[in-house]
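Dear colleague,

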Amino acid sequence: MGNSCINQLRFLIFLIASLAGAYQSYGFHHLSPKPRVPLFVFGDSLYDPGNNNYINTTPDFLANFLPYGETFFEFATGRFSDGRLIPDFIAKYAKLPLIPPYFQSSYRQFVYGVNFASGGGGALVETHEGKAIDLKTQLRYFKNVEKQLRRELGKEGTDQLLANAVYMFSIGGNDLLAPNPIFSSFSTEEYVGIIVGNFTEVLKEVYKAGGRKFGFLSLLPLGCLPYVRAHNAEGNGETCVKDLTDLAKSYNAALAQKFKQLRKQLKGFIYSNFDFFNAVTQRLSNPSKFQGSEEWMLW
Ligand SMILES: *[C@@H]1O[C@H](CO)[C@@H](O)[C@H](O)[C@H]1NC(C)=O
């Protein structure tokens, strides 16, 4: 993940900072000396800090070997990056510790949040089923964490923690890149609707648990992913696959619409939807303008 790209994420950081500010200005700091904005992370390889190391999967869903991790951690943590991921930077700017993978976390760390993301995971259970952790299962794990927090912190403390937390999502790309053949009879629009529908169900569950502050990442131009271009029958291995990029665009548009609806439907629901599509497009079309990054995504 390039530093310049990270700069674009000041959005989310701003969200967290302003939330921390709001928290203080309501005077809650009288009750608790150290206001925290925990980070609960859901999603796919863009956000997976190593959860896939703990599941039974195949090598292509793992990033537990070099050069993954070489520029920052100096070993392969399971992140699909040579360095840190977006949630790692957000945690840093929010003055939180690194948010651990769910399978590596203990109650003591739950109060700063937990990361449930899984490389290859989708909003649909059928996407890479059995090889990655789908969003519904990630929600189930979140509910386990919630239960444990309620046991340890009690109702009031947990309600406050969950309402104060930021919930970050990066999901949907794998559903579009690797649709399960059982969906082949659906039109593109219907299929996008199913993904958005399932994603929305999960958001509503997090809201029901008390979550209010959400951070989203739109899909990048999927047809320009290096491995997609390498497998493109047309062109010289450099050419983007337009249909896939258009599909990502439709999904982004449908989801942006849905978020606006949720904002109206769910009292207190606030969000930031980072335009990752545009951020990546700009970097692909004018890479020299964004030079000087120390860390790059491998795919
Ligand atoms: C969620 O996805 C399943 C397939 O995994 C589908 O049958 C169901 O209709 C979807 N739900 C919504 C609300 O879109």
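In these notes, a residue is called buried under 20% relative accessible area, exposed over 50%, and partly exposed in between, with a 1.4 Å probe and protein chains only. The model is a predicted one, in which local features need pLDDT of at least 70 and side-chain atom pairs count only at pLDDT 80 or more, while totals for chains, interfaces and linings use all residues. Residues are numbered from 1 along each chain as its sequence is written, and side-chain values use heavy atoms, with hydrogens and water left out. Helices (H or I, at least four residues) and strands (E, at least two) are DSSP runs, numbered from the N terminus.

Sheet

Two strands are taken to pair if DSSP finds at least two bridges between them. An open sheet is formed by four strands in the order E1-E2-E3-E4, with parallel pairing. E1 and strand E4 (270–274) are the edge strands, each pairing on one side only. On average, neighbouring strands of this sheet are turned by 15° against each other, direction ignored. Helix H3 packs on the sheet, where it touches E1, E2 and E3, and its direction makes about 170° with that of E1. For such angles, axes are lines fitted to C-alpha atoms, for helices over the stretch in contact, and the angles run from 0 to 180 degrees between N-to-C directions. Within the sheet, E2 and E3 run parallel and are joined by four bridges; Tyr-167 has Phe-214 as its bridge partner in E3.

Helix H3 is largely enclosed by the rest of the structure, because six of its eight residues are buried. Those buried residues are Ile-86, Pro-87, Asp-88, Phe-89, Ile-90 and Ala-91. After H3 comes Lys-95, which has a positive phi, near 60°.

Nonpolar core

A nonpolar core is here a set of buried Ala, Val, Leu, Ile, Met, Phe, Trp, Tyr and Cys residues joined through side-chain atoms within 4.5 Å. In soluble globular proteins, nonpolar side chains tend to be buried together. The largest such core in this model has 68 residues, of which Phe-40, Phe-142, Tyr-167, Phe-169, Phe-199 and Tyr-251 touch the most other members. At least two core residues are supplied by each of strand E1 (39–43), helix H3 (86–93), H5, strand E2 (166–170), H7, strand E3 (213–217), H9 and helix H10 (276–285). H7 provides the largest share, nine residues.

Which residues does Phe-142 contact, leaving aside its neighbours within four places in sequence? With contact meaning heavy atoms within 4.5 Å, the partners of Phe-142 are Phe-40, Phe-42, Phe-116, Leu-162, Tyr-167, Val-206 and Ala-209.

Salt bridges

A salt bridge is counted when a side-chain nitrogen of Lys or Arg is within 4 Å of a carboxyl oxygen of Asp or Glu. In one of them, the side chains of Arg-79 and Asp-88 meet at 2.7 Å, N to O, and both Arg-79 and Asp-88 are buried.

Another salt bridge joins the side chains of Lys-136 and Glu-201, at 3.9 Å, N to O. Lys-136 lies in helix H5 (residues 135–164) and Glu-201 in helix H7 (residues 188–208), so this pair ties together parts that are 65 residues apart in sequence. Lys-136 is partly exposed at 33% relative accessibility, and Glu-201 is partly exposed at 45%.

Asp-246 and Lys-242 also form a salt bridge, with their closest N and O atoms 2.7 Å apart. The two are separated by about one helical turn, because they are four residues apart in helix H9 (residues 242–265). Asp-246 is partly exposed at 26% relative accessibility, whereas Lys-242 is exposed at 59%.

Disulfide

A disulfide is a pair of cysteine sulfur atoms within 2.5 Å, and the structure holds one. It is formed by Cys-224 and Cys-240, whose sulfur atoms are 2.2 Å apart. Cys-224 lies in the loop between E3 and H8 and Cys-240 in the loop between H8 and H9, so the pair ties together parts that are 16 residues apart in sequence. The link of Cys-224 and Cys-240 is right-handed, with 115° about the S-S bond. Cys-224 is buried at 12% relative accessible area, whereas Cys-240 is partly exposed at 29%.

With kind regards
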